[in-house]
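Colleague: I am new to this structure and would like to go through it by question and answer. Please show it to me before we start.

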2 protein chains.
Amino acid sequence: MTLAARAQEPGTTHVIHPGTDGSGPVKRTVLPGGLRVVTESMPTVRSAAFGIWAAVGSRDEAPADAGASHYLEHVLFKGTRRRSALEISAAIDAVGGDLNAFTTKEYTCYYARVLDADLPLAADVVCDMVASSLNRPEDVEAERGVILEEIHMRDDDPGDLIHDEFALALYGDRPLGRPILGTVESINALTRDRIHAYYRERYVPPNLVVAAAGRVDHDEVVRLVQEGYGDRLTGDAPPSPPRIGGEPAPVSPTVRVLDKDTEQAHMVLGGVGVSRTDERRFALGVLNAALGGGMSSRLFQEVREKRGLAYSVYSYTSQYADSGVFGVYAGCQPGKIDEVLSICRDEVAAVAERGLTDEELARGKGQLRGGMVLGLEDTGSRMSRIAKSELVYESLLPVDEVLARIDAVTLDDVRAVARDVLSGPQALTVIGPFGDRGFTL
Amino acid sequence: MTLAARAQEPGTTHVIHPGTDGSGPVKRTVLPGGLRVVTESMPTVRSAAFGIWAAVGSRDEAPADAGASHYLEHVLFKGTRRRSALEISAAIDAVGGDLNAFTTKEYTCYYARVLDADLPLAADVVCDMVASSLNRPEDVEAERGVILEEIHMRDDDPGDLIHDEFALALYGDRPLGRPILGTVESINALTRDRIHAYYRERYVPPNLVVAAAGRVDHDEVVRLVQEGYGDRLTGDAPPSPPRIGGEPAPVSPTVRVLDKDTEQAHMVLGGVGVSRTDERRFALGVLNAALGGGMSSRLFQEVREKRGLAYSVYSYTSQYADSGVFGVYAGCQPGKIDEVLSICRDEVAAVAERGLTDEELARGKGQLRGGMVLGLEDTGSRMSRIAKSELVYESLLPVDEVLARIDAVTLDDVRAVARDVLSGPQALTVIGPFGDRGFTL
């Protein structure tokens, strides 16, 4: 199904996937005001995941607003006209559910996971938080301290910090390069009025997707959302289009070295990967699996299994609307950093030049296939899948279709994407007790 | 069901729980040699979790063996007569499964999670690893470097390190006080012969439990284990009894301050809790939920919600055969440590003196109930539950029975356990840039 075929008129419900063994149909309704509701029924579970997703993330922030999306995510837990912060959390704690939220560079999600009988409660609480947040000045102030502590906690964990530093090394001071958390300076500078304006501008019905998966009934979810949103659901605004295409974000790969008194040296080496809708993503997934995606991968075998140089070594991909990242991480003794870096470079170069073996291709495909199916057994991952199909994909690619695309990947496809991705400009970030020592690409 | 009623004779299969809505029966077979097989069928899922659990953990180590259980866990991935390290990991990667292991103070677990059709493969690989590990000298050497890196990685993450330091503050240099990873010195001193002897002594059939959950058939699992273990399953040795009772581990609570150049100060304050089979554990669970177990808890509200002093603040319990831990963690600005510590102490003292409110009691029970049911939807947690019932409990407490015990907790029960646990000797650990500043209890 293409974007053009997506129903945009309010009030109608469409079955966008008929369902398969183990899951019921995926249904979609556009409510007045442009709010979308998507659900996937999983009749054999006893729980439900309910989430509201906003098409807002750190890449939407002007430099002066850096960290506003994530700051706002915190403030939405602080109270509405109907509920204090304690009443929000107590409602879900009382039924043993999870209530949480996360912010990425491209979207923000608020969700609850509860027993199926508690779905009406979960929907009421999450809708209330997202639709009716007061963002009181005193709450914004108290939460400023919490965010600053979150930044300091990230700074104390070099295995976490390195990924923010790497984004900066790769994209520079541009939207995709800046940290989701913001900086101490930007958080201290954000005012309540700015946060509240950001909320009023961004959290409008066309930017929001409600998604539910588990033992749920679509019509009931639609009704719960209508009750939760009340008279905000008016007008004939269409849903915002998914965040796709656009110009690739400009990159300025460089070397960043952070001198820090750590026991281990931490490094990420990598470059620009592929965007979320790039057809090469399946081939890159297979490549990533074989190079550094599991214990049988080349990097794990060479760095850890044979030489015992690292506990943690892996490659990874991230996808955005118009760009992506392919990176290799390792943590090792500072005195071994050159050896580890050299092995990682050699393995990347070997794959870029010669691609994979038949066996690696088959194993990489199996790894993606099995991982995908196993990863869709819980309600939370099903809920995320259908929400993201609205927010950042042109359509919901059925699981069978994804599996078919993985199966279709050839050695030539992998060689081509390896050449494209691994031979492009690379960035390097190193954290460790290196004083003013330099590193070169 | 009591220990006395457990069948110990080889070759017979017993239904130890008839199953309820959403799960099939739990069945148990004792094989010749004393190896136990327990399974729980979950007919609506498409995957299976298969694990082998050894009743061996760091508390079984003599001081000279410190870290041997965990070291051995790593070495078991390095190769058997039939498979190299690469062949072990490649087999499970090829079907997209997870293969992993973990070591605790009281047991060690090796497990795979796969699609149901791949269960025979998973059982073959995990049985091979655990039953036929070669523990070659060169593999033990290579893995020494990996373990040392794991220790350094832990040292670089103060939010992780603090829990090992707290165990030492509470239990001193005794089995429960020593870190599971061992120390740089003990790992450097462990020889291949010592590791191999530890394996041969400890990984004998009576100490092992095979557990599987998901779309599994008990008789098939028994057959797969018999094939995997082959002629090692002989004799009429009974299974080892569960690790229960015994004398409480002696404790020597104290104050430990680690001067470290971190952004945040990290602290754990706590004391001895209750053992795994202590009847007070349900009341302590409710107390923990209300004091620091969720966003609506007193500690979260006072430290984070109202004052914005921390991002992460919580209380927790750990249980062992004859002891337990109740602790409070917070990470905050070093300059705020006295304020945070004072709030935590006040909240602990208030609960120790006056117990909970009716509302907190009800919410704490709901939190435990819902969390338990939601936590048992995946095959891995079901597999763990039935394995631990063999290794560390006297019997498998059915889920309904656990829910009934939670429901039965009264305000007086909570007050009594609060008095017992929170008024006992306390230990305190602090990590941060404190130079030689002292802290007092």
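Modeller: What follows is a set of questions and answers on this predicted model.

Colleague: What is the mean pLDDT of chain A?
Modeller: This is a predicted model, and pLDDT is the predictor's confidence in each residue, from 0 to 100. In chain A, 95% of the residues reach 70 or more. The mean pLDDT of chain A is 94.

Colleague: Over which residues of chain A does pLDDT stay under 50?
Modeller: For the stretch in question the model has eight contacts beyond four places in sequence. The stretch with pLDDT under 50 is residues 1-5 of chain A.

Colleague: Is A:G67 buried or exposed?
Modeller: A:G67 lies in the loop between β4 (47-54) and α1 (68-75) of chain A. Its contacts, leaving out residues up to four places away in sequence, are A:E61, A:I180, A:L181, A:G182, A:I187 and A:L190. Buried means under 20% relative accessible area. Because A:G67 has 0% relative accessibility, A:G67 counts as buried.

Colleague: How many Å apart in space are A:G67 and A:P25?
Modeller: In sequence, A:G67 and A:P25 are 42 residues apart. From C-alpha to C-alpha, the two are apart in space by 37 Å.

Colleague: Is α2(A) roughly parallel or antiparallel to α3(A)?
Modeller: The axes of α2 (residues 85-93) and α3 (residues 119-131) of chain A come within 10 Å and cross at roughly 160°. Angles over 145 degrees count as roughly antiparallel. Therefore α2(A) and α3(A) are roughly antiparallel.

Colleague: Is the crossing of α2(A) and α3(A) left-handed or right-handed?
Modeller: The residues that meet are A:I88, A:A91 and A:I92 in α2(A) and A:L121, A:A122, A:V125 and A:M129 in α3(A). By class, this contact has seven nonpolar residues, no polar and no charged ones. As for its hand, the crossing of α2(A) past α3(A) is left-handed.

Colleague: Near what value is phi of A:N135?
Modeller: A:N135 lies in the loop between α3 and α4 (137-155) of chain A. A:N135 is buried because its relative accessible area is 1%. Its phi is positive, in a residue other than glycine, and is near 50°.

Colleague: What is the relative accessible area of B:N135?
Modeller: In chain B, B:N135 lies in the loop between α3 (119-131) and α4 (137-156). Phi of B:N135 is positive and near 50°. B:N135 is buried, and its relative accessible area is 2%.

Colleague: Which residues does B:H196 touch, not counting residues up to four places away in sequence?
Modeller: B:H196 is placed in helix α7 (residues 192-202) of chain B. B:H196 counts as buried because its relative accessibility is 18%, and the cut-off for buried is under 20%. The residues touched by B:H196 are B:L134 and B:N135.

Colleague: Is B:V414 buried or exposed?
Modeller: B:V414 is part of helix α15 (residues 411-422) of chain B. Beyond its neighbours within four places in sequence, B:V414 is in contact with B:A283, B:V286, B:L287, B:L356, B:L361 and B:V409. At 0% relative accessibility, B:V414 counts as buried.

Colleague: How many Å apart in space are B:V414 and B:Y229?
Modeller: B:V414 and B:Y229 are 185 residues apart in sequence. Their C-alpha to C-alpha separation in space is 47 Å.

How values were computed:
Residues are numbered from 1 along each chain as its sequence is written. Chains are lettered from A and ligands numbered from 1 in the order in which they are written. This is a predicted model: local features need pLDDT of at least 70, side-chain atom pairs count only at pLDDT 80 or more; totals for chains, interfaces and linings use all residues. Side-chain values use heavy atoms; hydrogens and water are left out. Contact means heavy atoms within 4.5 Å. Helices (H or I, at least four residues) and strands (E, at least two) are DSSP runs, numbered from the N terminus. Buried means under 20% relative accessible area, exposed over 50%, partly exposed in between (1.4 Å probe, protein chains only). Axes are lines fitted to C-alpha atoms, for helices over the stretch in contact, and angles run from 0 to 180 degrees between N-to-C directions. Angles under 35 degrees count as roughly parallel, over 145 as roughly antiparallel, 65 to 115 as roughly perpendicular and the rest as oblique. A crossing is left-handed if the near helix is turned anticlockwise from the far one by less than a right angle, and right-handed if clockwise. Ala, Val, Leu, Ile, Met, Phe, Trp, Tyr, Cys and Pro count as nonpolar, Asp, Glu, Lys and Arg as charged, and the others, Gly among them, as polar.
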